[in-house]
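This report goes through a two-chain model, from the packing around one residue to the shape of each chain. Please have the sequence and the coordinates open while reading.

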Amino acid sequence: MIALLLKLFWTFFVIGLFTFGGGYAMLSLIQAQVVVEHAWLTESTFADIVAISQMTPGPIGINCATYVGYDVMTTAGAGHLMGIVGSLTATLAITLPSFFIVLTLVRFYTRVKGSRVFEGVMSVIRPAVVGLIGAAAVILCVSVDWNGLVPSFSIVRDNFPDWKSWCLFAAAFVASFKFKVNPILIIVLAGVLGLLLY
Amino acid sequence: MEERVRLMEIFGVFAKVGAFTIGGGYAMIPIIQREMSSRGWIGDDELPDIIALAQSAPGILAVNMSIFAGYKLRGIKGSIVATLGSILPCFLTILLIAIVFSSFKDSPVVVRIFKGIRPVVAALIAVPMINMALKGNHTWWAWAISAFALVAVAFLKFSPIYILLVLIVLALAFTLYRERKGKEGRG
């Protein structure tokens, strides 16, 4: 358990260090590390956690880290208490890098601001982060297995069991993208529809 | 020594901000602004700098803003207190939900509710990504980098950390090279 806690700390420390571009970027990193890399949680559990994080007050990235920290420990067979320790570990670890970096930046900010090197690096990081967030959405829908050089694609059945779930996906997409409906409202409506449809 | 802002007050303000932020960091900006300028803690002209700095550091925007604002008010102590303040309310709320939800999540009603919610989550992540792309990707190479990162992580299963590391190093090398060439050209 201690080994798992240390791994959890390191994983979330690195996530905090590499989160450029806000909460959704952090989600994509958490998913890549926790679901894909370490397989601590499944895609569907992660989707549940994202939905809950979005509906709860507070930054979505921090909420997600706290929840994942708890779930990783309890999924590994630890009790509530270790779950709480896990969520504390993940939350602290994910904020520590920002702490050091912001406090360093405060001193050098006037020099960094507008520097062409800094701007040059950020102009590459920003579009990359867009791609990472896109990958997070794709990973929730499709999984890829490689047999040597041959990829085989399959739908993530836990998240998309049937055609009704694709209708929900499309409806949520249009509501959010075209009509700017509040995400929290969309999640609540989707939950009600889930009760009615299944 | 001029009158110092009490640590408890800093904690209280950021706890309030953290507790009422629904929907992420950007929703916090106007709340932080109102709380801080009404107390005379910060001039309106300073806020854009705080936001810009918070955005250029890795991590969560809201947390970065608390770290910076707390530091300006009371140094390191202030930044620790402000950060704890902005994290604690959501930490406790989520923890409570996690503990309660873990004993309900296999109940048939909850399973049905989340059967409806799960597909929607993917759409709710895709939309901000598309909005960010439309707003930020102005050049063909920006789109190419986005597409590369998406394919590399979603299909080729590279870790985003390595993608970011490689891109940072390449971008640094490229801009430093261009800077030097520019200087030589002028000199």
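## Conventions

Two residues are taken to be in contact if their C-beta atoms, placed from the backbone, lie within 7 Å. The model is predicted, and local features need pLDDT of at least 70, side-chain atom pairs count only at pLDDT 80 or more, while totals for chains, interfaces and linings use all residues. Residues are numbered from 1 along each chain as its sequence is written, and chains are lettered from A and ligands numbered from 1 in the order in which they are written.

Helices (H or I, at least four residues) and strands (E, at least two) are DSSP runs, numbered from the N terminus. A residue is buried if 20 or more other C-beta atoms lie within 10 Å of its own, exposed if 12 or fewer, and partly exposed in between, with C-beta atoms placed from the backbone.

## Residue A51(A)

A51(A) belongs to helix α3 of chain A, which covers residues 43-55. Apart from neighbours within four places in sequence, A51(A) is in contact with I187(A), I117(B) and V121(B). Is A51(A) buried or exposed? A51(A) counts as buried, because it has 24 C-beta neighbours inside 10 Å.

G131(A) is 80 residues from A51(A) in sequence, and the C-alpha to C-alpha distance between them is 21 Å.

## Helix α3(A) against helix α5(B)

Helix α5 of chain B spans residues 108-136, and α3(A) packs on it at an angle of about 80° with the axes 9 Å apart. Axes here are lines fitted to C-alpha atoms, for helices over the stretch in contact, and angles run from 0 to 180 degrees between N-to-C directions. That angle makes α3(A) roughly perpendicular to α5(B); the classes are roughly parallel under 35 degrees, roughly antiparallel over 145, roughly perpendicular from 65 to 115, and oblique for the rest.

From α3(A), the residues S44(A), A47(A), D48(A), V50(A), A51(A) and Q54(A) meet F114(B), I117(B), R118(B), V121(B) and L124(B) of α5(B). By class, this contact of α3(A) with α5(B) has seven nonpolar, two polar and two charged residues. Ala, Val, Leu, Ile, Met, Phe, Trp, Tyr, Cys and Pro count as nonpolar, Asp, Glu, Lys and Arg as charged, and the others, Gly among them, as polar.

## The interface of chains A and B

How many residues of chain A are in contact with chain B? The count is 96 residues of chain A, in contact with 82 residues of chain B. Elements that give two or more residues to the side of chain A that touches chain B are α1 (2-18), α2 (23-37), α3, α4 (60-75), α5 (80-112), α6 (116-141), α7 and α8 of chain A. The largest share of that side, 22 residues, comes from α6(A). Its residues divide into 65 nonpolar, 26 polar and five charged.

## Chain A overall

Chain A has eight helices and two strands, in the order α-α-α-α-α-α-β-β-α-α along the sequence. The C-alpha trace spans about 55 × 45 × 45 Å along its principal axes. Of the 198 residues in chain A, 53% are buried. Among contacts in chain A between residues at least 6 apart in sequence, 57% join residues at least 24 apart.

Chain A is divided into domain 1 (2-113) and domain 2 (163-197), with bounds from an automatic or database domain assignment. The centres of these two domains, taken over C-alpha atoms, are separated by 26 Å.

## Chain B overall

Chain B contains seven helices and zero strands. Its radius of gyration is 22 Å, well over the 16 Å that the globule rule gives for 187 residues, so chain B is more spread out than a compact globule. The radius is taken over C-alpha atoms, and the rule is 2.2 Å times the number of residues to the power 0.38. The C-alpha atoms of chain B fill a box of roughly 60 × 60 × 25 Å along the principal axes. Buried residues account for 40% of the 187 residues of chain B.

The domain assignment of chain B gives domain 1 (1-104), domain 2 (106-136) and domain 3 (138-187). Between the centres of domain 1 and domain 3 of chain B, taken over C-alpha atoms, there are 32 Å.

## Positive phi in two loops

Most residues other than glycine have a negative phi. K180(A) has a positive phi, near 55°, and sits in the loop between α7 (163-177) and α8 (183-197) of chain A. K180(A) is exposed because 10 other C-beta atoms lie within 10 Å.

In chain B, K157(B) has a positive phi near 60°. K157(B) lies in the loop between α6 (140-154) and α7 (160-186), and counts as partly exposed with 16 C-beta neighbours inside 10 Å.
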